[in-house]
Amino acid sequence: MLEIKGLMADLQDEDKTILKGVDLNIGAGEVHAIMGPNGSGKSTLSYILSGKDGYEVTGGSATLDGDDLLDMEPEERAAAGLFLAFQYPVEIPGVGNMTFLRTAVNAQRKARGEDELSAGDFLKIVRAKAKDLQIDADMLKRPVNVGFSGGEKKRNEILQMAMLEPKMCILDETDSGLDVDAMKLVAEGVNALRSAGRSFLVITHYQRLLDHIKPDVVHIMADGRIIKTGGPELALEVENNGYADLLAEVV
Amino acid sequence: MAVAKLKSDATEARLAGLTLPAGLDTARKDALSRLIATGLPHKRDEYWKYTDPASLTQADAPQAALFHNDEGPMFDAIDRVKIVFVDGVFDADASDDLAADGVTITRLSDVADADIHWATELYGTLEARGQTPVERPLAALNSAFASDGVLIHATGKASKPINLIYLHGDTGSDVMLHSLVKVDVGAEVTLLETGPAAARFNSVLEVDVASKGAFHHVRSQGRDHERRAVTHCFARIADEALFKSFTLTVNGKLTRNECIIEMLGDDAVAHVAGACVGDGNDFHHDDTVFITHDALNGESRQVFKKVLRNGAVGVFQGKILVKAGAQKTDGYQISQSLLLDEDSQFLAKPELEIYADDVACSHGSTSGAIDEDALFYLQSRGVPRQAATDLLTLAFLAESLEEIADEALADDLRERLEGWMARRG
């Protein structure tokens, strides 16, 4: 599904190399987790995959089902099935959450040559999915993420994911700022979306999230590279011993 | 040459071809005296520093090409009394009967024949009051020479809005219209103004709202790219009365909208708002607002939003004057521009002048580019960059559109804005 080969990238304005050759291969239906210390390049990887400005790819490739992601506009990547759940979801005053969701869903349908959803159909679907995530009618009416608590913002990300039905989901520190109950709720939302045709890349600092979203593969990222890959037990090792031992092994 | 001499020469040249229309003789002569005393405005005048009035004061109106489009008329789905002026000339065939429950409607040009006492009293009165402390000579010019207009007297709750429709058919038309609105105690009326009106349009609206009365004003200025307009709204608001005015401006070479409000009764409410979308270096838009609080517990709001690109210029001059004794005044003023590129310009002059010691007044003025983080967020959800920009632009304008009390009117404006943006690319 997602194939990343030797991906290298600089931060444009600061002339600083962040990714130094990332290799990653995620098959259909798989859940991969990336852990790593602060500044290792995890979030940058998610931004580059989704097409944020400010980075320059200096080498390597990233493809989604064989299509060159790096060659596409962010909206084209979304229509191709890529979704990034933001670590810090953006507040958009003046745009109602419902309007935002419908605009996004219909823009993707249009890009794929499908008919737009009618207002009635859309409403039915969004209400059902919002209910599962305990998102009330008021949250749907309010401007996007404005005045939302940390937990509400993250649940809103998962709602968008549920509505857009992407095939490759990247979750960038979705557990940050969440209490235990909120994390469980978000994890349940994610688990409900797991399917044979949908893959996940879960970026996190803590093993705790991986108790709820069970990964098939765990990668450790440090200094712009993936330095170790293993099973779920690798996450436990990090939890118990920190990153120091792993980093020492590589050096 | 001294500015005073320049101004008196320009005034003389402007007046050379004009004669005072019949009716309201005293009021017209008084207005002419006011104009001659001050002279027409000049860019050296303090309140014309950011907007050069030359094309508004020169003897002949500059030509303005007509804007052809296949859009339906504004507010067409709304049941309203349509009063049509083509280049300032009343079009009886295109207009409805000038009648609705709760309101009497007369044309200004009929006032000479009919003895309309309130109109004779009001005409030019609020305009004259509004000449201090800041001169508004183009309004005095209008009071002296306006060829027509509409007199609206709300005696109860008007059964439907009154829509002045200003069509533009002559590329050189130079039009002055003057309308009056009198809202009786507890009465309520909505006035809609739509269309470009002329190559050069000068309008004055005097609004007198009595105790517990309500006046709603929603205006969409025509989209002719080359038209010029200077509009004035003078309002006097009594206790517990409500005044709300919203203006949408898209296109036009030069637009100056002045709004001068006196809050003379306790617990009065006045909201003035504007949304403006300007594209190109021949777009210049100016909102000049002056609100005077002269009673207890008054609430005023000024909400002005401008979206500018490709060298467009926006100006905001807004003042809140709180007189001694106008305690518990709540004055709010916000003027913001969204600059879509580095060529566009926003000039803002917010002013507060407060002589009471127990008031809450706030003002803010900002200029900014589109929020790149919000843009990326939308794109990452599949919304193409242009559509995302439009969505954020409409969101930016939303606060001003929210000032329109009637949802159906607001929705019509919103839908049109969306359409215009989608088409302009």
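Me: In this predicted model, what makes a residue count as buried, exposed or partly exposed?

Reply: A residue is buried if 20 or more other C-beta atoms lie within 10 Å of its own, exposed if 12 or fewer, and partly exposed in between.

Me: Why is A:Glu237 called partly exposed?

Reply: A:Glu237 has 18 C-beta neighbours inside 10 Å, and because 20 or more would be needed for buried and 12 or fewer for exposed, A:Glu237 counts as partly exposed.

Me: What makes up the side of chain A that touches chain B, by class and by element?

Reply: The contact takes 21 residues from chain A and 17 residues from chain B. On the side of chain A, helix H2 (74–79), strand E7 (92–96), helix H3 (97–111) and helix H6 (150–164) each supply at least two residues, with the largest share, five residues, coming from H3(A). By class, this side of chain A holds 12 nonpolar, five polar and four charged residues.

Me: How do you know which strands are the edge strands of the sheet in chain B?

Reply: The open sheet in chain B has 10 strands in the order E2-E1-E6-E8-E10-E12-E14-E16-E18-E20, with mixed pairing. Strand E2 (89–90) and strand E20 (360–368) of chain B each pair on one side only, and these are the edge strands.

Me: What makes E14(B) and E16(B) a pair, and in which sense do they run?

Reply: Two strands pair if at least two bridges are found between them; strand E14 (residues 269–279) and strand E16 (residues 299–309) of chain B have 11 bridges and pair in the parallel sense. Within this pairing, B:Cys276 stands opposite B:Lys306 in E16(B). Helix H8 (residues 385–401) of chain B packs on the sheet, touching strand E12 (242–250), E14, E16 and strand E18 (330–339), and the direction of this helix makes about 155° with that of E16(B).

Me: How do you know that E18(B) is paired on both sides, with E16(B) and with E20(B)?

Reply: E16(B) and E18(B) pair in the parallel sense over 10 bridges, with B:Lys306 standing opposite B:Ser337 in E18(B). Nine bridges join E18(B) to E20(B), which also run parallel, and there B:Gln333 stands opposite B:His363 in E20(B).

Me: Why is E18(B) described as largely enclosed?

Reply: Seven of the 10 residues of E18(B) are buried, so the strand is largely enclosed by the rest of the structure.

Notes. Residues are numbered from 1 along each chain as its sequence is written. Chains are lettered from A and ligands numbered from 1 in the order in which they are written. This is a predicted model: local features need pLDDT of at least 70, side-chain atom pairs count only at pLDDT 80 or more; totals for chains, interfaces and linings use all residues. Two residues are in contact if their C-beta atoms, placed from the backbone, lie within 7 Å. Helices (H or I, at least four residues) and strands (E, at least two) are DSSP runs, numbered from the N terminus. Ala, Val, Leu, Ile, Met, Phe, Trp, Tyr, Cys and Pro count as nonpolar, Asp, Glu, Lys and Arg as charged, and the others, Gly among them, as polar. Axes are lines fitted to C-alpha atoms, for helices over the stretch in contact, and angles run from 0 to 180 degrees between N-to-C directions.
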